[in-house]
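This report goes through one protein model by topic. The sequence and coordinates come first, and the notes follow.

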Amino acid sequence: MIYSSEKDKIREMQETFGTGFDFAKMAKVMSVESNRPIIRFYGENVNAVKKYPYLSSYTPAVGDTVVLIKIGRSYVILGRVV
């Protein structure tokens, strides 16, 4: 299937697998400290305490919408959703 955006793809995957299947999350970059993005997950009112790692191909910028994928017990930022 062709999606108009990554958000649409993730939304469909969540609808298919259920929201309890937390393999991916969306977040907004609220600030950047020492090259590490401070994010706020969609649906939450406060910034995440943890500074999540990201792929080297992504350069964090305030205001970016990002997608994270679960790796083990944590998440890694895959990149910016455009």
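What pLDDT does the protein average, and what percentage of the residues score at least 70?

## Model and confidence

The protein averages a pLDDT of 88, and 90% of the residues score at least 70; pLDDT is the predictor's confidence in each residue, from 0 to 100. This is a predicted model, in which local features need pLDDT of at least 70 and side-chain atom pairs count only at pLDDT 80 or more, while totals for chains, interfaces and linings use all residues. Residues are numbered from 1 along each chain as its sequence is written, and side-chain values use heavy atoms, with hydrogens and water left out.

Helices (H or I, at least four residues) and strands (E, at least two) are DSSP runs, numbered from the N terminus.

## Aromatic contacts

The structure holds 3 aromatic pairs. Rings of Phe, Tyr and Trp (its six-membered ring) pair if their centres lie within 6.5 Å; planes under 30 degrees apart count as stacked, over 60 as edge-to-face and the rest as tilted. One of the pairs joins phenylalanine 41 and tyrosine 52 edge-to-face, at 5.6 Å centre to centre and 80° between the planes. This pair links distant parts of the chain, 11 residues apart: phenylalanine 41 belongs to strand E2, and tyrosine 52 to the loop between E2 and strand E3 (65–71). Phe41, Tyr52 and Tyr75 form one aromatic cluster.

Phenylalanine 41 is buried at 7% relative accessible area, and tyrosine 52 is buried at 11%. Here buried means under 20% relative accessible area, exposed over 50%, and partly exposed in between (1.4 Å probe, protein chains only). The ring of phenylalanine 41 also has the charged end of lysine 25 over it, 4.8 Å from the ring centre; the criterion is NZ of Lys or CZ of Arg within 6 Å of the ring centre and within 35 degrees of the ring normal.

## Largest pocket

The largest pocket has a volume of about 200 Å³. On a 1 Å grid over the protein atoms alone, a pocket is an open set of points where a 1.4 Å probe fits, with protein on both sides within 12 Å along at least five of seven lines; lining residues have an atom within 4 Å of a point. The volume is the space filled by probe spheres set on the points.

Lys25 and Phe41 are among the lining residues, which also include Lys7, Arg11, Met26 and Glu44. H1 gives the most to the lining, with 4 residues, and H1 and strand E1 (24–33) each supply at least two. The lining divides into 5 nonpolar, 1 polar and 4 charged residues.

## Loops

Serine 34 and asparagine 35 both lie in the loop between E1 and E2. Serine 34 has a positive phi of about 55°, and phi of asparagine 35 is near 65°. Most residues other than glycine have a negative phi. Serine 34 is exposed at 74% relative accessibility, and asparagine 35 is exposed at 56%.

Tyrosine 58, in the loop between E2 and E3, is buried at 6% relative accessibility. Glycine 72 lies in the loop between E3 and strand E4 (74–80) and is exposed at 63%. Its C-alpha atom is separated by 26 Å from that of valine 82, 10 residues apart along the chain.

Definitions and conventions
Nonpolar A, V, L, I, M, F, W, Y, C, P; charged D, E, K, R; others polar.
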